[in-house]
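Please load the model in your viewer and keep the selection panel at hand. The stops below follow one another, and each begins with something to select.

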Amino acid sequence: MQPKIHWQGTIEGKTISEFPLMNYTVAVLWKVFGEHEYIYRFTELILYLIAMLFLFVMIYTTSTSLLYSYFATSLITTSPLLAYYSFSFLADVPALSFAIISLSLFFIFLQTKKQNLFIFSVLIGTLAALLKASSVSVLLIIGIISLVNLIQFPQKIAIKEKLFSRKFLPIITFIISLVIIYTWYHFAFIYNHKNSNGVFLMETLPIWKMNDKVIETARLLYSVQLATYFNKGVLMALFCVCIWLFLNLKSLPSYLKIAFIISAVSFLAFILLFFQVFNVHDYYLISTMIFPVVILVCFGNYLKSISFNFMNKKIVAFVLVIFSINAVYCASVIRLRNISNDTLCKYYPFITNEEKNFSDWFHYDYDQKLAAFETITPYLRSIGLKRTDKVISIPDPSFNITLYLMDQKGFTATAQSLNADSTKIHEYIRSGAQYLVVSDTAMLHLNGVRNLNKTTVGQYKNVFVYKLN
């Protein structure tokens, strides 16, 4: 109940963000198998793959077509955004995975009327919302469909079949769910406010609070962030399908009408509420992926209602072509991010010169400034730095990147922050910093750093370590 990060912040680095379900699950595995990052990665990946199986089942139950189920699931799995982050440490993909599993269980419940499935769907939806508050949209879908069934109003969207043998079951289940969600976030807000408030984002960054750069952020959202969401062809196709479904809502069952409307409103609300982050961060879009999922589920049901011939040879060929294009596009984006000077990316037709140039700069900058930190920890221990010795790591624009890679408690700063406040580094020293770690020697000439009383104790590749006297 006292979570911390390496960055020491105001009170020993105490801060918190999402509900630490994944963190503590992996911690238990680490106690058994040792501390290995790949265990964390594979834990998230396995959960994601399970969610994709549930997605396939959900699409099949609404479309009754194996071909369409394979096709729609492949569209989601070939999203570069999900392919990249499903093998990472962020809570966004696990939250989406739980949301998909929750919605799938609920749709199966609608077919079978098994009350346990409803309880499990709400429970797993609660886990999704605990990991990422934006995933609460799946609980809104389940809750409103359940409420409409209970009150049978309005008649146009009323679900005629009785879903619940006991009327109080959905009410009690949702009250418990909401209490759990509220309790966690209330605790997180209080904990952050008391300790290191401001490390993690616990509020919205809406478009209407931007004084400028709205157009520039919109351009980056469209040309950069959405390019990792899906390729432009799939995005345009999904947009067209979305409009088509909106114009043909009458053709959908009541529960899919509700799911479509709520997920669409949630998607737009999220973009507007977190618009300020889309000039940099693509992973925020992961939470919105439930909308494309619902679009594909609804479209499969619509095609079934018009007796569409899924197994036409031309349709099968079309599916194979689209899958191949998406797989190649996904691979190109992932390789561009992960592999420096990847020769295969030269031949991918979907990557612009701008993207290639940015990738080249990114890998060069990382190699020059950060790569050494990945393997520096044994060296630091060999020259006498204990894990608990506090260091000042410069330059580092994040709170925690270099500190985590070094597995070292301490503080971070950039040239800009030190130029703006040259006393900051002395505040860190007063807070217990014993060593200065520098990955760019130009930092040594900055005000506040130049006159420090320090002694060189070691060098590892491009990283210099100084003892602060």
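**Stop one: H11 against H12**

The crossing of H11 and H12 is left-handed, a term used when the near helix is turned anticlockwise from the far one by less than a right angle, with right-handed used if clockwise. To find the contact, select Leu256, Ala259, Phe260, Ser263, Ala264 and Phe267 of H11 together with Phe291, Val294, Ile295, Val297, Cys298 and Asn301 of H12, where contact means heavy atoms within 4.5 Å. These residues divide into 10 nonpolar, two polar and no charged, with Ala, Val, Leu, Ile, Met, Phe, Trp, Tyr, Cys and Pro counted as nonpolar, Asp, Glu, Lys and Arg as charged, and the others, Gly among them, as polar.

The axes of H11 and H12 come within 9 Å and cross at roughly 155°, the axes being lines fitted to C-alpha atoms, for helices over the stretch in contact, and the angles running from 0 to 180 degrees between N-to-C directions. H11 and H12 are therefore roughly antiparallel to each other, since angles over 145 degrees count as roughly antiparallel, under 35 as roughly parallel, 65 to 115 as roughly perpendicular and the rest as oblique. Helices (H or I, at least four residues) and strands (E, at least two) are DSSP runs, numbered from the N terminus.

This is a predicted model, in which local features need pLDDT of at least 70 and side-chain atom pairs count only at pLDDT 80 or more, while totals for chains, interfaces and linings use all residues. Residues are numbered from 1 along each chain as its sequence is written, and side-chain values use heavy atoms, with hydrogens and water left out.

**Stop two: H7 against H11**

Next, select helix H7 (residues 137–151), whose axis comes within 9 Å of that of H11 and crosses it at roughly 145°; this crossing is right-handed. The contact is made by Ser137, Leu140, Ile141, Ile144, Ile145 and Val148 of H7 and by Tyr255, Ile258, Ala259, Ile262, Ser263 and Ser266 of H11. By class, the contact of H7 with H11 has nine nonpolar, three polar and no charged residues.

Select H13 and H14, which pack at an angle of about 30°, with their axes 8 Å apart; that makes H13 roughly parallel to H14. Leu336, Arg337 and Asn338 of H13 meet Glu355, Ser359, Phe362 and His363 of H14 in this contact, which has two nonpolar, three polar and two charged residues.

Then centre on asparagine 341, in the loop between helix H13 (313–338) and helix H14 (353–369). Asparagine 341 has a positive phi of about 55° although it is not a glycine.

**Stop four: a cis peptide bond**

Which kind of peptide bond joins isoleucine 394 and proline 395? The bond is cis, with omega about -10°, and proline 395 sits in the loop between strand E1 (391–394) and helix H16 (401–406). As background to these last two selections, most residues other than glycine have a negative phi, and most peptide bonds are trans.
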